[in-house]
Amino acid sequence: MPLVAPSILSADFGRLAEEVAAVTSGGADWIHVDVMDGHFVPNLTLGPVVVEAVNRATDLPLDVHLMIENPERYIEDFVKAGADYVTVHQEVVSDLPAIVEQIRAAGAKAGVAINPDTPVETIEDLVGGADLLLVMSVNPGFAAQGFMPVALPKLERLRELRDRAASPCLLEVDGGIKPDNAATAVGAGADVLVAGSAVFGSDDYPGPIAALRSSG
């Protein structure tokens with residue numbers, strides 16, 4: 001059964017605390033927080049102050065996804081704000097093992113993400129080292145994009161390597177995840193489903209959360 005991590009990128013930021021509380025009571029497992037800097041991706045979102053506010057609104061783990069350049073400068077700030085998982089992008093980090101250790105030293109679990117056009121081979125060595133590997137199934141930057149099937153063979157490959165290594169590393173998929181394609185992602189190996197508009201675009205948050213969880 002997969003974990004469901006609603007992405008607040010699709011929430012109503014004018015009612016953010018209420019939105020986070022609603023998906024918490026609606027059965028979410030994690031809260032996914034997308035941080036964008038306007039450089040690595042074209043959009044600009046939020047910083048540690050908002051993460052701190054989200055942390056006050058829920059007891060769920062905060063899954064903070066840094067879609068930013070030079071993430072090593074900000075890791076400690078996000079962990080202090082309440083991040084339980086901090087994920088950085090392979091595309092902007094030259095020494096991935098070092099940044100994994102930096103995240104852990106700061107007190108969080110460490111994740112590494114890849115974009116749809118980034119080969120999975122670039123993170124295969126981290127199956128036994130990182131706590132989380134995130135496969136993007138959209139081009140990062142904006143919510144409500146369609147799922148890109150290129151993510152599926154990447155998840156399958158990472159699951160194969162993880163199983164072979166008997167590693168506890170979680171596999172996460174982010175982008176265009178909805179109840180009608182979640183089973184395919186889970187079947188390919190996803191342990192954690194990030195869903196934005198599928199949850200926050202609904203009038204009944206518990207409904208899509210339960211549907212996503214039952215996909216496994």
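A residue is called buried here when its relative accessible area is under 20%, exposed when it is over 50%, and partly exposed in between (1.4 Å probe, protein chains only). By that criterion Arg213 counts as buried because its relative accessible area is 19%. The structure is a predicted model, in which local features need pLDDT of at least 70 and side-chain atom pairs count only at pLDDT 80 or more, while totals for chains, interfaces and linings use all residues. Residues are numbered from 1 along each chain as its sequence is written, and side-chain values use heavy atoms, with hydrogens and water left out.

Arg213 belongs to helix α8 (residues 206-213); helices (H or I, at least four residues) and strands (E, at least two) are DSSP runs numbered from the N terminus. Leaving aside residues up to four places away in sequence, Arg213 touches Met1, Pro2, Val4, Gly27, Ala28 and Asp29, a contact being heavy atoms within 4.5 Å. A polar atom of the Arg213 side chain lies 2.4 Å from the backbone oxygen of Gly27.

Eight strands form an open sheet with parallel pairing, in the order β1-β8-β7-β6-β5-β4-β3-β2, where two strands pair if DSSP finds at least two bridges between them. At the edges are β1 (3-6) and β2 (31-36), each of which pairs on one side only. Neighbouring strands are turned by 25° against each other on average, direction ignored; axes are lines fitted to C-alpha atoms, for helices over the stretch in contact, and angles run from 0 to 180 degrees between N-to-C directions. Three bridges connect β7 with the parallel strand β8 (residues 192-195), and Asp174 stands opposite Val194 in β8. Helix α2 (residues 48-57) packs on the sheet against β2 and β3 (62-67), its direction making about 165° with that of β3. Helix α5 also packs on the sheet, touching β5, β6 and β7, and its direction makes about 175° with that of β7.

Strand β4 (residues 85-89) is largely enclosed by the rest of the structure, because five of its five residues are buried. Tyr85, Thr87 and His89 lie on one side of β4 and Val86 and Val88 on the other. Three bridges join β4 to β3, with the two strands running parallel, and His65 stands opposite Thr87.

Helix α5 (residues 151-165) has 15 residues and reaches 21 Å from its first C-alpha to its last, close to the 21 Å expected at 1.5 Å a residue; the expected span is 1.5 Å times one less than the number of residues. The buried residues of α5, including Leu155, Leu158 and Leu161, pack against β5 (109-114), β6 (132-136), β7 (170-174) and α6 (182-188). After α5 comes Ala166, with a positive phi near 50°.

Finally, the nonpolar cores. Such a core is a set of buried Ala, Val, Leu, Ile, Met, Phe, Trp, Tyr and Cys residues joined through side-chain atoms within 4.5 Å. The largest has 64 residues, and those with the most contacts inside it are Ile8, Ile31, Val64, Leu66, Leu133 and Leu193. Helix α5 supplies the largest share of this core, five residues. A second, separate core of six residues includes Trp30, Tyr85, Leu132 and Val194.

Conventions. A polar contact is a pair of N or O atoms within 3.5 Å; within protein, one must be able to donate a hydrogen and the other to accept it, and residues adjacent in sequence count only if both atoms are side-chain atoms.
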